[in-house]
Amino acid sequence: MDGGASYNPRTVEEVFRDFKGRRAGMIKALTTDVEEFYQQCDPEKENLCLYGFPSEQWEVNLPAEEVPPELPEPALGINFARDGMQEKDWLSLVAVHSDAWLLSVAFYFGSRFGFDKADRKRLFSMINDLPTIFEVVTGTAKKLVKEKSSVSNHSSNKTKSNSKQRGSESQGKYSKAMQAKDEDDEGLDEEDEEDHGETLCGACGENYASDEFWICCDICEKWFHGKCVKITPARAEHIKQYKCPSCSNKRARP
């Protein structure tokens, strides 16, 4: 597996064509080929990555062995969180990481072949005109298209009044959300706030919540939702030294 590194796009257009091909492959994996993708991401296997290729194909495989790799690597261990969350949430998480990987590969090529400020701006503009994988997988892209078409069919006066209404509604929702957040924050223990307020789960990337069970890896010291690593509070009581899936696999390798 070479991660699609058998050729090197050197112009903005070539890098964008490479980006579109990889993106199309990953969208296939997360939409039309989702059943096959789901089956391949077995949590019992080692750290797996989702790769997209310029040929619009996708592959679930182990990360590249060479260090450093020839291309930036996708998110590692996407299979570990598969059974610990709702399928749609898991697919959305993989989609977000896939978007980040596509950008890193595109701008890796840009840096390697000396794109200047104008080239980088043009490349990002071309990429930004496409919906993200996350928007496609969650259906946000379709909603955005519908909203744009409905806005274009309204008169300018109606659009202005709607904009004002949406603005006031969003401000109201924002203030309510902030008020609710403040109330929640007041209910947290001070010690929890200090220790875990900015903690992110090493598997799903979500924030710490006081009503969820978390466990810390004694090797890498990362925190995880119990559900993401299949550890219950009862089981945790019998674990003297907890090793997360990533650290367990590292120790298992020769």
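**A tour of the chain**

Select the largest nonpolar core first: of its 34 residues, Leu30, Phe37, Leu50 and Leu123 touch the most other members. A nonpolar core is a set of buried Ala, Val, Leu, Ile, Met, Phe, Trp, Tyr and Cys residues joined through side-chain atoms within 4.5 Å; buried means under 20% relative accessible area, with a 1.4 Å probe and protein chains only. Helix 1 (12-30), helix 2 (34-40), strand 1, strand 2, helix 3 (87-112) and helix 4 (117-128) each supply at least two residues of this core, and helix 3 gives the most, with nine. Helices (H or I, at least four residues) and strands (E, at least two) are DSSP runs, numbered from the N terminus.

This is a predicted model, in which local features need pLDDT of at least 70 and side-chain atom pairs count only at pLDDT 80 or more, while totals for chains, interfaces and linings use all residues. Residues are numbered from 1 along each chain as its sequence is written, and side-chain values use heavy atoms, leaving out hydrogens and water.

Next, select Leu30. Not counting residues up to four places away in sequence, Leu30 touches Phe37, Leu50, Leu91, Val94, Ala95, Ile133 and Val137 (contact: heavy atoms within 4.5 Å).

Now go to strand 1 (residues 49-52). Cys49 and Tyr51 on one side and Leu50 and Gly52 on the other are all buried. Strand 1 pairs with strand 2 (residues 58-61) in the antiparallel sense over four bridges; pairing requires at least two DSSP bridges. Tyr51 stands opposite Glu59.

Technical notes
Buried < 20%, exposed > 50% of the residue type's maximum accessible area, 1.4 Å probe, protein only.
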